[in-house]
Amino acid sequence: MVGCAKREGRGKRGAWAAPAGVLGGRPRGEPLCLPSGPQRPPLPQLMRFMLLFSRQGKLRLQKWYLATSDKERKKMVRELMQVVLARKPKMCSFLEWRDLKVVYKRYASLYFCCAIEGQDNELITLELIHRYVELLDKYFGSVCELDIIFNFEKAYFILDEFLMGGDVQDTSKKSVLKAIEQADLLQEEDESPRSVLEEMGLA
Amino acid sequence: MRGLAVFISDIRNCKSKEAEIKRINKELANIRSKFKGDKALDGYSKKKYVCKLLFIFLLGHDIDFGHMEAVNLLSSNRYTEKQIGYLFISVLVNSNSELIRLINNAIKNDLASRNPTFMGLALHCIASVGSREMAEAFAGEIPKVLVAGDTMDSVKQSAALCLLRLYRTSPDLVPMGDWTSRVVHLLNDQHLGVVTAATSLITTLAQKNPEEFKTSVSLAVSRLSRIVTSASTDLQDYTYYFVPAPWLSVKLLRLLQCYPPPDPAVRGRLTECLETILNKAQEPPKSKKVQHSNAKNAVLFEAISLIIHHDSEPNLLVRACNQLGQFLQHRETNLRYLALESMCTLASSEFSHEAVKTHIETVINALKTERDVSVRQRAVDLLYAMCDRSNAPQIVAEMLSYLETADYSIREEIVLKVAILAEKYAVDYTWYVDTILNLIRIAGDYVSEEVWYRVIQIVINRDDVQGYAAKTVFEALQAPACHENLVKVGGYILGEFGNLIAGDPRSSPLIQFNLLHSKFHLCSVPTRALLLSTYIKFVNLFPEVKPTIQDVLRSDSQLRNADVELQQRAVEYLRLSTVASTDILATVLEEMPPFPERESSILAKLKKKKGPSTVTDLEDTKRERSVDVNGGPEPAPASTSAMSTPSPSADLLGLGRPTARPHPPPGGGLLVDVFSDSASVVAPLAPGSEDNFARFVCKNNGVLFENQLLQIGLKSEFRQNLGRMFIFYGNKTSTQFLNFTPTLICSDDLQPNLNLQTKPVDPTVEGGAQVQQVVNIECVSDFTEAPVLNIQFRYGGTFQNVSVQLPITLNKFFQPTEMASQDFFQRWKQLSNPQQEVQNIFKAKHPMDTEVTKAKIIGFGSALLEEVDPNPANFVGAGIIHTKTTQIGCLLRLEPNLQAQMYRLTLRTSKEAVSQRLCELLSAQF
C-alpha cells in the first residue's frame, strides 16, 4: 500500500528489518484517539433514492439523491427489489434495510419504493409517494405502467418538480402541475410539425 | 418523439434478452453514426437520440458516449431540448472534469438568464450532481438568488433546496453571511411552498450554527401555530386530505428538534400547538381515506418526537404515551409498527417510563401474534427498553419463549438482549444461571462467545451461586444431545467447582468425568482443548480420578493428536500430573481469581451490533432511574469505553492461544504499487486538511482528520533519518466499513526522497472499532512535498473517498545540536553564501507569546539556544537534518517585532532547498 514501492529494489530492505530496535520500541499506551459515539441529530428529511419497479422486477424509474456508483446502484436495486417483492400484502410498509429505512407502497402493478434515513418520518414519506402517484395520475389521466414506460422522461420531470435533492420542493398539486403544463406548452411551440418520414430519420 | 416511442415498443416486443440486446446494439450503432456523421444534427434529432440513450441506460446498459451531445443540448434555446439535456446529465452523473466545466458554463448562463424555467432546470442539475466542483462554482451565487427581492417564488424554492444539497456535501464552500438572517425570515413568507423549502434549509444550517439561526425558533412556532389552528380549507392546495400543510408541519417540528425547549413565552405557545395536535388525534377522522389518517399521524409522530426530545413536560409525555398505546392495537400495521418504535424512546424518559410499562401485555401479545417480522422486531426492542427489575422475570421469560420460534434473522440479537437483561436485573443468581442455560438450550447456535464468557465471569465472581451452577450444568449435561456451548460452560464450571457437588454420590468425581468425556469426541478442537484443561483441574480436585485421567491423556488419540494444540496440552498435562507434587499441583491449578469488573462483554457486543448510541442512551438513563442496580457484576459505565472488553481466556490455565486472532493481512502484506493501472481515483484533499497538516509540523500526535464517519489519529516518532508513524482509523458509526483501503501516495518528485512502507489493514472496520496501521519511514534525501493518505471504503451503500496530507515533513528528521554563542556565529558566517540563506518576514497569526514560541521551535526539532543572540528577545536554534544520503546542518534565527506584530525568520543551511522548505514550514507556525 505504499507509494514508494517502485523503488524498492534500490532501497535497502535490510534497514527495515528491525525498526523497533532503531526506534526503541513501540509507543506506549492506548491508541490516543478513541472514536466518539456517533451523534444522530434530527436532520431534515432527505431521501436517498426512489425506485419504481414492476411486480416482475423490471425497474421503471430510479432517482438517486446521493452520489452512488453505478455498480453499487445496480446491486442495491437488485437486492432491494428482492426483499420488497418477497413481502406479503398487508405487511407493514416500512422495513429496515442495510442502514436505511425503506418505505414502499404498491399501486396496481407498480411498486414505489423510497429509502430514507433511520430517524426520518415514515408516514409522511408514504404520503409523498401517494402525492407523486396523484400527480402522475392527474397528468396522464389514470396513469398506468405503460404511461411511465413510454413517457419516462415526463415521469422524471414531474418528480423533479415535486422533489429536489431528496426533499419536497412543493407539496401543492396545482403548482407542480402548472409547472409541467407550462413546459408542455413550450414544447408544443417548439415542435414544428414533422412528417412521418422525418421522424423515422429517413428524410 | 415518435422515434423514441417506436424504439421503446420494439424493445418491449423483444421475446428474449438476446433479442433485446441485439436491438439495443443496433440502435447504439445507429446513434453513434448519427453523432459522428458529417451532417450536423438539428436540436430535435439530438434530443431524440439523447433521450434514447437515456432509455437504454435506464434499462441497465452502459452508455459510454453521447455526453457531449447532451451538454450541447444545455445551451439550446428550446426549453424541451434543454430539459432533456439536463435530465441526461443528472441521471448519468459523470465526474469527467472536462465535461463538468462545460456543464458549469451552461448552468451559469441559465442562472443568469432570469428565465425562471431555465433557472429551475439549472438549479435542479446542481442539486442532482451536487459535486464539489459544482459547489465551488455556485455556492456563492445561489444564496444571492435565494434572497434577491425579485426572484420568483418557484426559483426561491429550488434555490433553497439546491443550497441545502450543496451544504450537505461541501459545507465549507457555502459562505455564511448577510443572507442567513434573510433566509430565516423566509419562514414568514406568504408562499407556503417557499416556507416548506426554506424550512429544510434552515434546519440543516441551524444544526451546524445554532446561534446564528436561533431566531428561527419563535418564527417556526408561530408558523406552526397558524397551521395547526387553521381550518382545513384555509390553506387551499396545501391542505392534504383535510390535513393542513402536513409536510411543512413535520419540517417545522423537526427544525424545533435542533433546539432545547424555548423561552417561557414561546414555550407556552408551542405547548398549545402540541396539545392541539394531540387533541386532533382524538377527534373523529374527517375522511375515511388512509391518506387523511397517515398525514395526520405523520404530524402527530413528529410532534411526539419533539416532546420526547424536549423531555421536560411530564404531562405531554404521558399523553403521548397514551396515544401510542392506542396505536399499539390499531388495525393498521404501519401504525402499530411506528407506535412500538416511538415508545422505545419514550421508555427511556423518567417521566413516561412507568406509563410505557403499563402496555407490557399488549407488546407481549404483539410479539406472539404479529405476522410481520419487522413489527415483531420492534416489539422485542420495546420490551428490552421497558424492562426493569419489576418486570424482568416476565419479559425475559417471554423473550425466551419467543426465541423458540423466532426468525433466524433476529435470534442472535434476542439472545444478547436476554443475556443482558438476565444479568442486569438478576435478584437471584440462580435465576440468572437458569436463564443462560435455557438460552443455550433453545438457541445454542446463536449464543456467541461473549455470552458464555460472561456467565463464567459471573459464576466465578459470585461464590453464592457456584454450587448451584455446578449442579445445574451437571444436570443439563445429562441430556443426550446438548449444544457444544453447554459443554464449554459445563466443562469450565465443573473444572472449577465440581468439588461442590462431588459429595453427592449421583455426581461423584468419576461420574462427572465420564459425563464430560462422553461429549468429548463430538466437540470441536477448541472445546476439546478446554475439556483437557478441565481434566487436569480434576486431577487436582479429585486425586481419586487421577489414574483414569492419566490414561485418557496417555491414549494415542490425545498424545498423538494431529492437532498441535491438543497434542501439546495432552503432553504437558500428563507430564504435570506425573511430576508435580500435590502442593505444586494445587498452586498451579488453583481456582481462578475473580475477573476484574469491566463493561459486560455482551453489552459491548450488542452495541457493536446495534450502534453504540442506542444502547448507551438506554443504559445510562436506566442507571439514573433505578439506583438499585445489582452491585456485583454491574457493567461499568458504558461511556467509559466503546471498545469491547477482552474476553476472559477460554482456557482455564491461561496457557492457550488468544481466543480471537487478528485476521491475517490479505495478500500476505505484499507491497502494492499504487502507480499501477489498478490505482483508483483519489479524492481531492479533504477540507481543512491544510490546517491540520500545519498543526503537526511541531508535534507528532493528535487527530489528523475527522468527519461524521471517520476519525484518523496519528502517533509518530522519529530518530535520525528513520521514523515510524502509527495511524489510527476510528469508525465513528455503528455500521461497518467495507473494503476499507488506506493508500499512501508519494508524488513522482517525492518518491525518490522518501521511503514509506506499511502493510494493508483489514478491509472491514466494525462499527465503533478502531484499526491501526504502522508506517515505516525513511528519509533518503531532503524533500518538499508531503505524502498523501487516501482512504477509500464503503459505508452503508455509499463509496467514501477521503484524502489528507500526511504530516511527514523534513523537519521531523532534525536532530537538535547544542552549541555555544561563539560556535554558532562562526558557523552562521560560514553559511553566508546567498543561496544558503532564506529569509521570510511575516505577520504574526497567533499571539506573540515567548513561551509558546520556544515550545514551537523545540517541537520543530532544532535545539533552542539560549544566550546566543545578543538580543534576548530573539530566538536562535540549531540542528542537523538527517537523511540517508547526507546530513545537513541548519541554523535558524527568529526575530519578533512586538510593535509591528511581525516576525523575521532567517534560515541558513548548506542546501538551498532545505533552507527554503524549513523556512516555509516554520513560518506557518507563528
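A salt bridge is a side-chain nitrogen of Lys or Arg within 4 Å of a carboxyl oxygen of Asp or Glu. Keep that in mind as we look around this predicted model, where a search of the whole structure finds 54 salt bridges over all chains.

Let's start with chain B. Its secondary structure comes to 39 helices and 16 strands, and 57% of its 926 residues are buried. Chain B exposes about 38,400 Å², with carbon and sulfur atoms supplying 52% of that area. For chain A, the average pLDDT is 74, but the value stays under 50 over residues 1–41.

| B:Glu370 and B:Arg336 | 2.5 Å | 34 residues |

B:Lys488 is buried, at 13% relative accessible area, whereas B:Glu449 is partly exposed at 33%. Salt bridges with shared partners also join A:Glu96, B:Arg378, B:Asp381, B:Glu413 and B:Lys417 into one network.

Is B:Ser803 buried or exposed? B:Ser803 has a relative accessible area of 0%, so this residue counts as buried. B:Ser803 sits in strand S10, which covers residues 798–805 of chain B, and its side chain makes a polar contact with that of B:Asn790 at 2.9 Å.

Methods:
Residues numbered from 1 in each chain as written. Chains lettered and ligands numbered in written order. Predicted model: local features only at pLDDT ≥ 70, side-chain atom pairs only at ≥ 80, totals over all residues. Heavy atoms only, no water. Helix = DSSP H or I, 4+ residues; strand = E, 2+ residues; numbered from the N terminus. Buried < 20%, exposed > 50% of the residue type's maximum accessible area, 1.4 Å probe, protein only. Areas by Shrake-Rupley, 256 points an atom, 1.4 Å probe, with all protein chains shown as cover. pLDDT = per-residue confidence, 0-100. Contact = heavy atoms within 4.5 Å. Polar contact = N/O pair within 3.5 Å; in protein donor to acceptor, adjacent residues only side chain to side chain.
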